Structures are given as C-alpha cells and as structure tokens.
Amino acid sequence: MPWITLTILVPLAGALLCGLLAQSERRTATLVALATAGVTLVLSLVALGLFDRNLADLQLVDHLDWVESIGLAWDVGVDGISIWLLLLTTVLFMVGIGYACFRLPERGPAFLAMLLLAEAGLIGLFAAGDLVLFYVFWEAMLVPFAFLIWVWGGERRRRAGLTFVIYTMVGSLLMLVAILATAFIAQDITGQFTFNIAELRGVAFSETESTWLFLGFALAFAIKLPLWPLHGWLPMAYGEAPILVTALLAAVMSKAAVYGMIRIGVPVFPEGANNLAILIGVLAVVGIVYGSLVAWRARTMRMLVAYSSLAHLGFVMLGIVAFDVMAAQGAVLQMVNHGIIVAAAFIIVGVINRGTGEEDIDRIGGLAARAPWLSGIFLIVAMASLAVPGSNAFVGEFFILAGVFRHHAWLAVLACIGIVYAAVYMLRLYQSSMNHEERGIPAGRRQELGLPDLVALVPLVLIMLFIALWPASIVGGTRASVEAAVAPAQVAAGRPADQILVPVPRNPPAENLPLPGDETAADPATTTPGGQP
Amino acid sequence: MATTLGWIILALPLLGCLALALFPRHGEPPKGPVIAIGVGSILIAFVLSAVVFASMLAEDPSERLHVDSLYEWIDIGGVSVDLAIRIDTLSMMMMLIITGVGFLIHLYSVEYMDHDRDYRRFFAEMNFFVFSMLLLVMAENFVFLIVGWGFVGIASYLLIGYYYQQADAVRSAKKAFVMNVIGDVGMVLAAFLLVRELGTLDYSEVFARAGELGPESGTALAVCLLLFVGAAAKSGQMPLHSWLPDAMTGPTPVSALIHAATMVTAGVYLIVRCYTLFDLSSLAGDTVAVVGMVTLFLAATVALMQVDIKRVLAWSTVSQIGYMVMAAGLGLYASAMFHLMTHAFFKATLFLAAGAVIHALGGEQSLDRMGGLRRHLRVAYFAMGAGCLAIAGFPGFSGFFSKDEILAYSLAAGTLGTIGYVVGTVAALLTAIYMFRLLFRAFFGPDPDGGYAHAPHPSRWWMAVPLSILAVLAVVGGWIQVPFGWHLIDDWLAPALVGAPEISPSHTQEVVSLIIGSIVAVAGIAIAWYLFGADRERRLRLAGVAAGPRRVLEDGYELDEIYDEALIGTTRDLGDALTRDFEPKGAGGIISAPVAIVRGSARVLRAAESGLVRTYAFALIAGVGAAGIVIVLAVVR
C-alpha cells in the first residue's frame, strides 16, 4: 500500500469535498472533516507501525516517475526525522479540526476545507523526498494559511495576511532559485540531473557554491521559522489569525523551516552550513533572549505566547546548527514538544479570551477560583513551556544544550538566559490570569473548560506526560537518520573522527574527486552513498 | 527487596497526589478520605522506609548500596540515562527524615488547615512535594536529581503561593521559583560539563571516573561551583537566599516541611552526594565553606531584628543551613548530615510551635502583638522551649551535639576551619540571643497591649501530638552521636562516604569546643533574658539606639532592593524598550520594507486589497503557476 501517498491524498480529498459543499451544510462538512482527519491520523499511525527505527534513509517510499528526462518524480516517504513531524501534524490537525467543529466560524465548510488543505500541504512537505516536491508543498501550505488569516482573521487581517504572504514569498522565491541552481551545479559535478534529496547528498560542491546555495535555502527557512531578526511577520500573523490557526501556525508550520534545515540545508550543503553555523547559532541565541524579553513585556496573552515561540524555536535551530548528534536528536524531539505545548498554550489563551472577553494580561485575574480545571491544566502547560525539569520540553532543551555545549559552550551558556526568562514570562502569564483577586471577569460567562476544550487539551497533556516519562520512544527512532544527517557537516567542521558515527556519502565517489581536507577519502567504505556502518 | 520497596515508597506520595488531584469534583469532597489518602500515603511510605532501614541494618556495611533501574529513559548521542533509584546509607537517611518528619507535619496539617476551603489541594500539593523530594534523594543519576530538583521547586512554588489571592503570596512564589531556576541553570551547566568530559550522568560512573576530570583542574572546579550555584539557590545561601524569608507567605506546615526541614537542605545533600567531585577541587570546597560562613553569620544578625515570628525562623534557617554548608565545604560531610538531621527535628518543632501560636491567634504573626502566651498555650510553650534550647546549643539538647561537632571538627580543618570556628561560635551566640528573644517576647511577660481579640485556644491532638513527638526528637535527637562516646551517624554514613578525607579534632580541641559552646549558649540565653525577658521596658528604651543600621538588618541588608534595581529593573526596561521601540520599527521595518515596495510599485496588488478573496486566490495560484512555468522552462532549456 502507498501509505504515505494516501496520507497526503486523504486530507486533500477531504478538502475538496468540504470545499464543494454549500456553506449551509455545516453538519455534513464537520462529519467529512472529522472523518478525513481521523483517517489521516490512522494512516500516519500505520506508517509509524511499519517504520523501521534502524534505517537512516527514506523508507515507505512511493516512487512514481513523472517527467523522467528532467528528473521530476513523485517521491515521498519518511525517515527518522519526518515520521515524528508527520505524526505531529496529523495529531494536531485532528485536535484542531475537532476543536474547530465544536465552534465553527462563519463559512464553516470553507474553513474546514482550508484546514484540511493545510494539513495535506504540511504532510506532503514532511514526506517529500525531492526538492521540487518540497517546494511545491512549501508553497501549497502557504495558500490555505494565508486564506485562513485573510478571511477569518481579526480586524487587521488583510494587512496581516498580505504581510505573511509577501514575506514568506520572498523567502520561497530565493529557495526556488537555490533549488534550480543546486540541480544544475550538481549536474555539472556528477553528470546526473536530479532533484532527489538523497542523491544530492554528498555532491562535492565547491565551498563557495555550497555556501551560496545553503544561504538561499537558509534564508527561506529563517523567514519561515522565523529566525531573529526576520520575524517581522510573526506578531501580525499570530496576532490576527483565528487563535486556532495561530496555534497550528506556531505548532506545525514553523517546524517546516527547521525540518528543511536538518533535511536539506545541513546534509546537502555541509560546507556552506559549516561556514554559516556560528552566525545562525548566534542569531538563534539572540532570538532566544530577545523573544524572552519581549514576551515578558508583551501586552496581550496571545503575543506573549507568540514571542515565547520565537524563543523556543531558537533552541531548536541552535540544536541543528551545532552539528552534534545529541543536540540534533534533542532538536527533533523539541520540534514535537514545542508543537504540542504551544498548541495547548494557544488553546488555553483562546479559552481565557473567550471566557473574559479580554486579551490584555493585566486586566484579568483570579480565574483559578472560578475555573480549577483550567488553572490545573494551564499550570502543567506553563511548566512544560518553561521547560521545568521533568517536563517533556526539558528533555529536548537539556540535550540540545548539552550537545551544543560540547562544541560551543558559550552559546549554550548564553542560551541559558532564555531558560531563566522563560520562567519569568510564563509565570507572569499564569499568575496574572489565574491568581490574585478576581478582576475583569464578566458575569454570566463560563470561564471553566468546557467539554470541547477538554477533548482538545487532555490528549495534548497526555502526550506531554508520555514524552516526559519515556522520551526514548521518540529519540530512539531519530538516531539513525540524525546521525546520517549531521555526519557530512561534522566532517566539514573538522570534528574528531570518533564523533562522526556514520560514513559520509560522496557523489561522485571520493577516489574520483578527492576533496581538500578529507582525511577519509582513501577509505572505500565511505564511498557507498547513504551507506550504513 | 530494598529497591522494590524503594519504588513503592516513591510511588505512594505520587499516587496520593494523583488521587487527590483527580478526585471527582462535585464541590469539595468530605475531609475523611482526603485525610486518609493525604496522610496515609506518607505514613505508609515512612513505615516502608523504616522496613528498608531495618533490612539494611542487618546487612554488612559494605553491602548497603542498592541500585535498580526501571527502564531506559533515553539513549541520545552516546549518553544513556535510566529511570533508576539508588538506596544507600545517605539516601536512606534522607528518606527517613523526609517521610518521618513529613508524616508528622501532614498529621499536624489536618487540624491546622481545618478552616481552609482548599483542603484537598493542600494535601495534593504536599504529597507532590514529598514525592519530588524523595525522587531528588533517591535518584541514581544527575538527570533525575535535576528532575527532583525542579519538582520540589514546583511544589515549593505552589505552596508558597497557596493563598493565591494575596498579592504578596503570588509575588513570593514567583520570586522563589525564578531564583531556583537560576540554581537549576547552574546544575544543568554542571551536567553539560559532565556529559562533555565523562559522557555519562550516572552517579556510579561519574564518581568512579571523577579522577579523569583531573585533581585541582579548572573543569573540576567549574563542575563543583556550578553544582553549588544550584545548592545555594535551593538552600538559601547568599546571595541567592532572599526568596527564603519571603517564602513564609505559605501556610506554616509548609514552612516547617519544605522551607526548614527538608527541601532547603537539599543543597547540603547535593554537596555530600557529590563529595567525590568536591574533593577534587580544594578551591571549590573553600568557596563553599566561605559562602556558608558569610551566610550563617549575616543571616544570624538579620534574625536578631525580625518582628514577624516566621521570618525570625526563616532567617534562622538560612543561618543554620550556613553551618551545614560550611561543614560540607570543609569536608566534614558526616557532621553536615548530622546537623541536617537535628535541624530537621528542632526547626520543624519551632515552626510547628509557631504555627500553633499563629493558629491560636487567628493568623497573628507579629511579635509585637504577642506576649504571655505560656499561660495560654502550654504545649506550644514547651515545644518552643525545647526547640529554642536545641537550636541555641544548650548542653544535652540535640543542637548542642551537632553544632558542636561542626565547630570542633572545623578546628581540625586548617586555617579556614579555624576562621569558621570563630565565625560559627559568634553566630552561635547570636543564635541563642535571637531565639530566646522570640521565646521571651512571645511567651513571657504580660499579654500584649489591649489583650487578645479572642482568647488563644489550645490545639487539639492532631496538632499537639506531632508537635510533642518532634519536640522530644529535638531534645534527644543528638544523643546518637556523642563526643568521646559513640558515632552512629558517622558509622552509618561511612559506606556512602568512602574515600572522604578523615578529619577529626584532637581531644583538646574537642574539650575546648564543648566548653566554649556551652558557655556561649548560656551566655546568649542570659543576654536575651536581660534584654527581652527580665524587664520588658528595656527593649523599648533601647529602640532608638542605632536605628539606621537596625533598619538595614531588618531589611536583610537591603539585597532585595539591589536586585530589583540592578537585575530586574534594567532587563525590564530593556524588554520594554525592545517591545516599544525596536519591535515595531526595527523588526517591523525589515518586514514593512518589502511590503511597502510591493504595494507602491504594483497597483495590481493595491486593487487586490479591495478584499476580494477571489483576487487573492488568483494572485496566489498565478504565482505558484508562474513558479512552475519557470521551473519547467529552466529545466527543459
């Protein structure tokens, strides 16, 4: 069975179906959307069941040649990195669509269609084994998200949507140029024209080529993440989108960028990545500190969580550009953690906003007495968000920083400032809304979590607890793929041989074209592309 | 068997917490089941701990180490961490203190919290604390040490801010949490160093291979000092102490259990646990000892001036832990643990007695509004008296033996030890003064001006019995380690402290220290009697003397103000400036530039802003299509 292809096509079909429904057929649309999201979730779980944790390369591959002469192909599959993001996507869209169905906005069927379209785009992106596919899905998910902001957003939704589109378009055009350039330059080197990511790994780009190509990709990723100081679109988009969409933007879409970095940027352009690693690492750390400070002083609850997201994604990026297996495995885990936590956090903010009709942090207080369940779940989410030891986010951040510390102790130490300020801003959010004397609570509204809120939040909290108790369940599955992904960059960074755990592919084989500074060139074992130890 | 019971001991308070937290909610549940679950779980944990203790007693000392792994928690980048516990003599001692004192304080809380509407939440959080603290001391690797460390921080945060509608409770809770996170960062960085240098976080392996860090090496020093940052934050050592006096906004049983008997001594436990590392770096040990000395002395001076009965005790806790930290820094690990134990007894006694007073007076905490209570509250009076005699080091009481041991052994620990002896002895005098000041002002003399609003009511047995048991322990607890007699604590801890330096005082030093210690205790009590007991007017006459310095002391050397100004204020201003100025203009500028360009140059897009969704859709699809055409053209060439 083409499991991965199905996982992409099912939500696409559901989106079409919902899109075709009349706007009055809300009930049918809900059923279609729920069924679609459910089937997609099941399909992704099947993929997880079939997934072999010991393989580094793409598996469950569905390959279909399209225009063979120019290397275009339908090439999807999962590896130890993307399988977790695939699951994150299907789980969060299940939760998100389920939540949306309880409180469907105006033009409900279209809303659901857009959500399903976004899901299909994201799944395709995470499953793409080919640069052109990657690009197509990269743009494809932009469309529904832009619509969701444009049509269903807040007062300034037009401007926010436009900003979002233009800003990310700039990045993706750069990426498009980089993709084409990559294919042509690789053809000059290897004589083979291909967009296949696995085949492009190990292509012996010159250092200059590698750097410029990497930069093209990195800028697109940096904007999407966003990496400081390219985060200008974030406050607007996160602020104006319906809060559920904001949750999905922060939880899933932001992962596209870091995923691209570890899937394409670092393994395909190791020299370029190495040249820019410190710069990106520094920007990530600046983002951590900057995001934390601005989150602390944010006026609204939603902005606080938005900027905290900027800070947390800085940790993930830092973990990837450290070229350390531990840090990168931590980063993959942290992608999942952040997705779950930030989604829960935005949902909670949405519940508080709805219950009080108030967005400002300082105008409400004392909700704990009215809403003990809300206060209890919020406490767990807040503690996870600030990565208190014992939480799932702690596992991710701890091992990211432990890995970074091995090579750039100063970056890890500076990033720790963000840990302290995370406590400051999350407690501000929690305490000012839940504690103190009651204030700003209108009569006649329900503040406590309702059944839909619980249905959305409880699974997320359970996943957090599960990961906190047994992080090996995810981390163990990432090992092989992460080792293979960072090994070329480790070679480029001149790391000691005992840290480089898998042989690095060479294309063309190394004996044909010895690289400067490549000590292992004489070893025939390293010439197997994508080889296993 | 020991580890199986160990897992059960660990699980019981957690289950208690979960059962209470997830109790089906239809209003508050009846108190009976809450008490049964909340107190019962700790009682069973204590009984099982005692069983494990008994089974360990039967073992050969060299075999008193049990490690058990439940499952592999993570295996990442060559570092494997198990969810594992270690029961050795050190963790056993901590387990007995935590569950034993913890049980008594839970029992006490049944009555103390009787009027509280969130009865269930209180016991759920207290159980969570006991679980976290047990995890902290039973962990077999640094990861779960840090996890326990973080969890006790959460429990402490929740219970300090228990009365969450009061602004100062909320503020204190946040302060405690954030300062502890600073400590956590220290611990985490120490762990990073261990990962880098040794590639493992398991106690057994780290301690066995600690020598690879290199004796007196910079790395060993860094690891120890970073661990000590964590220890100092948790144990209220200067300059990270200022959260502890503020933590008194929590209910008094919380102060007794968390902020006196157990959690705040975790830093001492940590140093003793990592003695192998601290022995590698004499500079680290000396730093720890000096911080302990400074803290024990300064905190004692501050305690002299506090008017709030709980803040006296809080500063006293800071000071007493200073003794333990000093001892640990000087390499007197067993002495530090001995004082940790007696301190748990007498400080819990003092807090619970103070709680009985506060409870009886309907929440009154100011010494200015107390007096003559010995006529009203007999049990509290005797308990407080026993506690005061113990902490002052009156001969024969528990604090006498443990404090004397630290001081006498310090004499044998080089020049720094001698300095420590002098500082510690002076502070012991201050201790006797401030504790008996509290006793005399609260329990002696006439009733306060205007009398009591309603007559202080003596406590019922829920409070009286645990208080009495603790008071007895505060009196006799020191007799398990007697100079020239027996050394049960040293003997018990010996298997867990293999290879620690042997420091013991000469007979002369021991005798001198005993005599001076007794004199100091009696003198301190006498001075307190002269100032506060014999003639109540004398204190008021002296009120005007040295008002300035006294105010500085009352404010704890005004360190909070300095922190507010220097650390919090500046970064808050920075954050505000970034939010107000940079964010809209700087970062916003980077984004508005392309937007403005596109808007200005392309009228098409401006037309699109009419808001027609179709137009947007068309633009997007056209864009993607154009991109596709570009690809195809470029590729086909």
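Helices here are DSSP runs of H or I with at least four residues, numbered from the N terminus. The model is predicted, so local features need pLDDT of at least 70, and side-chain atom pairs count only at pLDDT 80 or more, while totals for chains, interfaces and linings use all residues. Residues are numbered from 1 along each chain as its sequence is written.

**Exercise 1.** Find where Phe484(B) sits, and say what its phi and accessibility look like.

*Solution.* Start with the place: Phe484(B) is in the loop between helix 19 (461-476) and helix 20 (488-493) of chain B. Next, check the backbone: phi is near 65°, a positive value in a residue other than glycine. Most residues other than glycine have a negative phi. Finally, at 48% relative accessibility, Phe484(B) counts as partly exposed (buried is under 20% relative accessible area, exposed over 50%, partly exposed in between, with a 1.4 Å probe and protein chains only).

**Exercise 2.** Work out how helix 4 and helix 5 of chain B are arranged.

*Solution.* First, take the axes, lines fitted to C-alpha atoms over the stretch in contact, with angles from 0 to 180 degrees between N-to-C directions. Those of helix 4 (residues 119-138) and helix 5 (residues 142-160) of chain B come within 8 Å and cross at roughly 155°. That makes helix 4 of chain B roughly antiparallel to helix 5 of chain B (angles over 145 degrees count as such).

**Exercise 3.** Locate the cis peptide bond at Pro239(B).

*Solution.* The bond runs from Met238(B) to Pro239(B), with omega near 5°. Then place the proline: Pro239(B) is in the loop between helix 8 (218-234) and helix 9 (243-246) of chain B.

Conventions. Chains lettered and ligands numbered in written order. Heavy atoms only, no water. Helix = DSSP H or I, 4+ residues; strand = E, 2+ residues; numbered from the N terminus. Parallel < 35°, antiparallel > 145°, perpendicular 65-115°, else oblique.
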